Amino acid sequence: MSAATGAATSISADAVSPVLEMKGLSVCYSGLVPAVAGVDFKVNPGEVVGVIGESGSGKSTLAHAVLGLLPKSANVTGERFVLDGHDMLTAGRDDYAALRGPAAAMVFQNPMTAFSPLHTLGRQLTDLLWRDRHQSAAEKRERIIAVLSQVGLPDPASKLDAYPFQFSGGMLQRVAIAAALLMRPSLLIADEPTTALDVTMEAQILHLMRELRKTSGVAILMISHHLGVIAEICDRVAVMYAGRVVEEGTVREIFANPRHPYTRALFACEPALIESGVSRLPVILGEVPRPGGCGCSFAGRCSLVEERCHCDSPPWVGVADRAEPHFSRCHRSAP
Ligand SMILES: Nc1ncnc2c1ncn2[C@@H]1O[C@H](COP(=O)(O)OP(=O)(O)OP(=O)(O)O)[C@@H](O)[C@H]1O
């Protein structure tokens, strides 16, 4: 549990309470059409959970809702939304600001835009510790050096006077991860953290995240289009489509036995999972519909569509006879 002491209402939490819990969470940017529509989702302490889905499915909206990074006009509603023991449904802007860092911190896609080009890394990292007024400048410096060393930056003390442009993309992403960890968050949200990196750097960052998970015990929410990234570091994965979670389970289970037609179609488009000799990559025809409406949101693109898919919302059901947890939102998965 972090030391966050925002004014958001505290909800009693113990070691086994989820770090993040959402029940029926919806986000509307404007009007009545939700970008995230009734999502149930949780991340347990020390767990690494992936969120995958096409562009526009609501992955980033979900992450931004956790950190209070949505525009002021956005409306967040739900039955339950708890972050690190704090009720986020009643939280105001100041509460979010107090919890950003100690409760949850984020690593963004492009490390080159995560830092100001005008100031040294030492200054920018020190600024993040503004809450810790009880610590001297020397103590903060030691803390920064320790976290830079934790993310594998060689000779970290010498890097404090360097500017962002003096680093490679991979090194700067390590510094961005260090910046997030500096505030000792309970939850680290990584939104496509390797997309802007080459494959060597990507492998290094994924290795680092696996190590961090072992050494720091931080829970990680990993958002990615890249199924290989999810398969490599996550325990559990949620598949999003048109603002809803349509399938969820352990990574081993979902990759071995995808049940939802959308998940199957998504896997069929992944180059690494396609057998050699295929001359054209498969695509999912059609477009992601706007969330809301009746019936299954994937019905218009589904090769297995039935009459009832257009009018009845599919139930969220456990896939039977599996050794590990596995849920799907599809009429065909229902017993
Ligand atoms: N600031 C905003 N104002 C209005 N609508 C938005 C805003 N940000 C996102 N949206 C809409 O919300 C929906 C979900 O977008 P979101 O960025 O969360 O999806 P995503 O799955 O993260 O996509 P990507 O993988 O491309 O980042 C989309 O229809 C998008 O156009």
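Let's start with G169 and what it touches. Setting aside neighbours within four places in sequence, G169 is in contact with P111, M112, A196, L197 and M201. Keep in mind that this is a predicted model. G169 sits in helix α6. G169 and S186 are 17 residues apart in sequence, yet their C-alpha atoms are 26 Å apart in space.

Next, the partners of α6. I'll take α7 to begin with. Helix α7 covers residues 199-216, and its axis comes within 10 Å of the axis of α6. The two axes cross at roughly 20°. An angle under 35 degrees counts as roughly parallel, so α6 and α7 are roughly parallel to each other. The crossing of α6 and α7 is right-handed.

Which residues of α6 and α7 meet? From α6 we have G169, G170, Q173, R174, I177 and L181. From α7 we have M201, Q204, I205, L208 and S216. The contact of α6 with α7 divides into five nonpolar residues, five polar and one charged. Note G169 again: G169 is part of this contact, and M201 of α7 is also on the list of G169 contacts I opened with.

Now the other partner, α4. Helix α4 runs over residues 137-150, and α6 over residues 169-182. Their axes come within 9 Å and cross at roughly 130°. That angle makes α4 oblique to α6. The crossing of α4 and α6 is right-handed.

On the α4 side, the residues are I144, V147, L148 and Q150. On the α6 side, they are V175, A178, L181 and L182. What is the make-up of the contact of α4 with α6? Seven residues are nonpolar, one is polar and none is charged.

L128 is in the loop between α3, residues 121-127, and α4. Leaving out neighbours within four places in sequence, L128 is in contact with A179, L182 and M183. What about L128 and G101? They are 27 residues apart in sequence, and 8.5 Å apart in space, C-alpha to C-alpha.

Two loop residues have backbone angles to point out. Take D155. D155 has a positive phi of about 45°, although D155 is not a glycine. D155 lies in the loop between α4 and α5, residues 156-159. D155 is exposed, because 9 other C-beta atoms lie within 10 Å, and 12 or fewer counts as exposed.

Then R184. R184 is not a glycine either, and R184 has a positive phi of about 50°. R184 is found in the loop between α6 and β8, residues 187-191. With 17 C-beta neighbours inside 10 Å, R184 counts as partly exposed.

On to the ligand. Which residues surround the ligand? They are Y29, A35, G53, S55, G56, S57, G58, K59, S60, T61 and P71. By type, this shell divides into three nonpolar residues, seven polar and one charged. Where does the largest share of the shell come from? It comes from helix α1, residues 59-67, with three residues.

So let's look at α1 itself. K59, S60, T61, L62, A65 and V66 are buried in α1. K59, S60 and T61 also belong to the residues around the ligand. After α1 comes G68, with a positive phi near 65°.

Last, the whole protein. There are eleven helices and 13 strands. The protein has 335 residues, and 43% of them count as buried. Take contacts between residues at least 6 apart in sequence: 66% of these join residues at least 24 apart.

Key:
Residues numbered from 1 in each chain as written. Predicted model: local features only at pLDDT ≥ 70, side-chain atom pairs only at ≥ 80, totals over all residues. Axes fitted to C-alpha atoms, helices over the stretch in contact; angles between N-to-C directions. Helix = DSSP H or I, 4+ residues; strand = E, 2+ residues; numbered from the N terminus. Parallel < 35°, antiparallel > 145°, perpendicular 65-115°, else oblique. Left-handed = near helix turned anticlockwise from the far one by under 90°. Contact = placed C-beta atoms within 7 Å. Nonpolar A, V, L, I, M, F, W, Y, C, P; charged D, E, K, R; others polar. Near = placed C-beta within 6 Å. Buried ≥ 20, exposed ≤ 12 C-beta atoms within 10 Å, placed from the backbone.
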